[in-house]
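Cut-offs are given where a term is first used.

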Amino acid sequence: MQSAPQEDLSLVAESLAGNQLSFQLLVERYQGRMFALVRHYTKNPVEIEDIVQDTFLKAFRRLASFQQQASFYTWLCRIAINTSLDFLKRAGRNPVVGVEDPEIALAPDSTTVARPASTVAAPDARMERDEIARITQAVLDELPDIFRTVLVLREFEDMAYQDIADVLGISIGTVESRLFRARARFKDKLLALHPEFGES
Amino acid sequence: MEIECIDALPLVPAYLDGELSEARAGLLRKHLLGCHACRGAAQGGKTLERWFAPRAEAGADPRSEFFVAVPSGFAARVARRALAGDSGEREYRLPRAKYDNVLPFVLRATALAAGLLFVLAVGLQMQSRPESTNLSAESVVQPVDRIVEQFDQLNNGGVATPASNLQGPTLQALRGKANSDKSASDDNSRAGRRSKQQ
């Protein structure tokens, strides 16, 4: 687990004391990563700005409850993800969540376990980066939130399992199984949307 | 101690991520050495990285559609609002739905139509009510004598004649006939009983 950098702790303490400049510096430090994180949940720039702004405002309000054992970024991620999911819920988007019971989704699935994981081919070397990124994002958008979130934190935020567990408030064992299932779901969706990437 | 494929496969992603404890990684390593299928699955897990990496790169490239630029002055604005007491707990600016303007009109029209229907129903009910509050049947039902008189009129070709001057069977005649028929049948039944007794 990463410990909060000393600069963050100082900025948090000064913000709590009512120093506007210190909080502005904290926001500037993490705003880019927050915008990139929230981009995985909506592509509308206005919505992204709203969600990130509310993330920081909520963080400021709860600054006193920030546990300094965790990193400020991990703590901020948790607020951002909850705010994003709350936004999607209010907007009635991502209906996949509504029909999927997380317990069912996480229950042992013999077909997922038994299937070899090598059914998806790597993208064609001639494909452009943004073309691959578009396909990847489209597949991610189709995944239930619990799987999309764990993939985003691991694959794009490069978080350690313990940090993911802290952000989502789950155990490391759950992170392991959820990631396993999320990757299997990703492959299934990729093949469903683009059968040409199947490997015999 | 050895593990089966069904236990080994879920450990593969964590192993590839370098997140397994040495004890569990050792068990998996031992299984992978002897299991061709699980080795194939582990290799397949590596191909996913080639799908995720381009998306991660695109998100950091300002020329890419996946890059989101932070609006200028964002941090200062947020800090100002935070210190001013904005909690961030508010309704989001949701995009207006396509039929947002039509919906109020449809609701108003429906309410108006419902009101008109109600007024119409009440009016119809009022109209079908009897004019008098006296609900006695006597004023409606004609006496039998009068009906018989009307039959007689019909029998006489529609000529209205007083009931006393009727040439056809009058009510009294009909009643008399009915009485004589009844007494005759009584006599017959008595005679029958007597003959049986004898």
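Predicted model: local features only at pLDDT ≥ 70, side-chain atom pairs only at ≥ 80, totals over all residues.

1. A residue is called buried if 20 or more other C-beta atoms lie within 10 Å of its own, exposed if 12 or fewer, and partly exposed in between, with C-beta atoms placed from the backbone. By that rule Leu88(A) is partly exposed, because 18 other C-beta atoms lie within 10 Å.

2. Residues are numbered from 1 along each chain as its sequence is written, and chains are lettered from A and ligands numbered from 1 in the order in which they are written.

3. Helices (H or I, at least four residues) and strands (E, at least two) are taken as DSSP runs, numbered from the N terminus. Chain A has 11 helices and zero strands, and chain B has eight helices and zero strands. Of the 200 residues of chain A, 40% count as buried; of the 198 residues of chain B, 15% do.

4. Two residues are taken to be in contact if their C-beta atoms, placed from the backbone, lie within 7 Å. In chain A, 71% of the contacts between residues at least 6 apart in sequence join residues at least 24 apart. For chain B, residues 24 or more positions apart account for 41% of the contacts with a separation of 6 or more.

5. The 19 residues of H4(A), at 1.5 Å a residue, should span 27 Å, and the end C-alpha atoms are 27 Å apart, which agrees; the expected span is 1.5 Å times one less than the number of residues. The buried residues of H4(A) include Phe72(A), Trp75(A), Leu76(A), Ile79(A), Ala80(A) and Phe87(A), and what covers the buried residues of H4(A) includes helix H1 (6–16), H2, H3, H9 and H10 of chain A. Just after H4(A), Gly92(A) takes a positive phi of about 70 degrees.

6. How do helix H2 (residues 20–38) and helix H4 (residues 72–90) of chain A cross, and at roughly what angle? Their axes come within 10 Å and cross at roughly 35 degrees, where axes are lines fitted to C-alpha atoms over the stretch in contact and angles run from 0 to 180 degrees between N-to-C directions. The crossing of H2(A) and H4(A) is right-handed, that is, the near helix is turned clockwise from the far one by less than a right angle. The contact is made by Tyr30(A), Met34(A), Leu37(A) and Val38(A) of H2(A) together with Tyr73(A), Leu76(A), Cys77(A), Ala80(A) and Ser84(A) of H4(A). By class, this contact has eight nonpolar, one polar and no charged residues, where Ala, Val, Leu, Ile, Met, Phe, Trp, Tyr, Cys and Pro count as nonpolar, Asp, Glu, Lys and Arg as charged, and the others, Gly among them, as polar.

7. A nonpolar core is a set of buried Ala, Val, Leu, Ile, Met, Phe, Trp, Tyr and Cys residues joined through C-beta atoms within 7 Å. The largest such core has 61 residues, of which Val38(A) and Leu76(A) touch the most other members. Not counting residues up to four places away in sequence, Val38(A) touches Ile48(A), Ile51(A), Val52(A), Ala80(A) and Ser84(A).

8. Turning to the interface, 51 residues of chain A are in contact with 45 residues of chain B. The elements that give two or more residues to this side of chain A are H2, helix H3 (45–61), H4, helix H8 (129–142), helix H9 (145–156) and H11. H3(A) gives the most, with 12 residues, and the residues of this side divide into 27 nonpolar, 11 polar and 13 charged.

9. Asp158(A), in the loop between H9 and helix H10 (161–168) of chain A, has a positive phi of about 55 degrees although it is not a glycine. Most residues other than glycine have a negative phi. Asp158(A) is exposed, because 9 other C-beta atoms lie within 10 Å.
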